[in-house]
Amino acid sequence: MSNRPIILGIVGDSAAGKTTLTRGIAQVLGDENVTVICTDDYHRYDRTQRAELGITALHPDCNYLDIMQQHLSLLRTGQPILKPVYSHKTGTFEPPQYIKPSKFVIVEGLLGYFTRGCRDSFDVKVYLAPPESLRAKWKIKRDTMKRSYSPEQVLAELEKREPDSESFIRPQRKWADVVVSFYPPSDEIEEDNSHLNVRLVLRPTIPHPDFIKILELSDGGTESAVRLGLDRDMGKPVDVLEIDSHATAEQVSKLEKVLCQEMPDLFPHCSLGGNLELGKITGTTDEILQSYPLALTQLLISFHTLKATHVHHF
Ligand SMILES: Nc1ncnc2c1ncn2[C@@H]1O[C@H](COP(=O)(O)OP(=O)(O)OP(=O)(O)O)[C@@H](O)[C@H]1O
Ligand SMILES: O=C(CO)[C@H](O)[C@H](O)COP(=O)(O)O
């Protein structure tokens with residue numbers, strides 16, 4: 001058993017779904033065992049200064065990546081940090097917070113894998129990569145509802161940010177152990193969020209659960225709602241697991257069994273264990289819905305995070 005905090009990274013562009021994914025993982029690990037850090041707090045400039053300087057929040061120079069790296073190293077050895085605080089409500093900084101790491105630390109943000117020093121602090125690295133059109137839709141909704149922007153401002157901001165997204169954010173995908181892409185079924189582009197499928201790229205940088213068993217159960221063919229295959233991602237060979245939103249309870253159950261066989265701690269959180277809490281999303285009229293692809297993604301990442309506690313790192 002590891003006697004230091006386990007650090008999980010959830011990296012991706014703005015509104016890629018980091019907070020949504022993190023919520024369920026924290027629930028599986030136990031909210032009382034989890035410290036969540038958002039690296040937006042390490043911005044160097046506030047909203048007004050960024051506008052004056054003509055720099056976007058995605059640019060490495062717009063963030064104290066050196067301090068972030070120091071803090072990650074401290075958290076990894078169980079030491080407290082005095083973390084800056086950036087308020088998305090006001091676009092300004094607030095007094096710093098004293099943070100003592102719990103058993104698990106989830107670090108979510110834009111540039112977590114940009115420097116080698118930061119990357120080395122993570123036990124498990126996840127990158128979120130929804131199609132850009134879906135991310136734009138999510139960002140417009142979230143920023144207009146929660147961050148006091150107009151839709152026109154969000155669209156202009158997305159356009160302004162694109163060169164930095166391309167240069168600094170998207171290349172980080174190559175460092176991830178798991179790349180998560182929620183996507184709409186091709187013929188239902190305007191479908192609501194509850195009908196998204198997920199594509200999980202599983203890099204051989206960490207040992208994944210033995211999903212090949214689902215193929216042995218003979219429902220992993222191209223027509224199935226759960227598919228496992230081989231592919232290349234950024235030039236390197238990877239396994240790819242795809243789960244459609246219309247996967248049946250039986251198919252979901254089989255996947256959960258594969259996870260639970262290796263990690264029985266997950267059982268109480270599975271739908272087969274009677275839990276319907278994971279995979280919660282907000283629908284178009286703010287109703288709460290459940291997505292199997294999201295729930296299984298949260299379980300898989302929790303699997304890896306729990307597994308990291310069994311590996312001794314010192
Ligand atoms: N898996 C998902 N299924 C359905 N909707 C989702 C999913 N992930 C995200 N969303 C939608 O996208 C919006 C933005 O997601 P979220 O706040 O999780 O992004 P984020 O990456 O944490 O954003 P930021 O880094 O800018 O704070 C959510 O409010 C939600 O409506
Ligand atoms: O890309 C983002 C990640 O959340 C934000 O836009 C960035 O952190 C700046 O915040 P704000 O737009 O609230 O000033």
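Modeller: Across the protein chain the pLDDT, which is the predictor's confidence in each residue on a scale from 0 to 100, averages 91, and 93% of the residues score at least 70. This is a predicted model, in which local features need pLDDT of at least 70 and side-chain atom pairs count only at pLDDT 80 or more, while totals for chains, interfaces and linings use all residues. Residues are numbered from 1 along each chain as its sequence is written, and chains are lettered from A and ligands numbered from 1 in the order in which they are written. For the model as a whole, the scores are ipTM 0.96 and pTM 0.94.

Ligand 1 is surrounded by 18 residues, of which Gly17, Lys18, Thr19, Thr20 and Trp138 are the closest; a residue counts as near a molecule if its C-beta atom, placed from the backbone, lies within 6 Å of it. At least two residues of this shell come from each of helix 1 (18–29), helix 5 (132–146) and strand 11 (280–282), where helices (H or I, at least four residues) and strands (E, at least two) are DSSP runs numbered from the N terminus. Sorted by class, the shell around ligand 1 holds seven nonpolar, eight polar and three charged residues; here Ala, Val, Leu, Ile, Met, Phe, Trp, Tyr, Cys and Pro count as nonpolar, Asp, Glu, Lys and Arg as charged, and the others, Gly among them, as polar.

Around ligand 2 stand Ser14, Asp40, Arg47, Ala57, His88, Gly91, Leu110 and Arg147, a shell with two nonpolar, three polar and three charged residues.

As for the record, an unreviewed UniProt entry lists residues 7–184 as "domain: Phosphoribulokinase/uridine kinase". In the model, this span is 39% helix and 24% strand, and its end C-alpha atoms lie 30 Å apart.

How values were computed:
UniProt positions renumbered as here; feature names shortened; annotations may be inferred.
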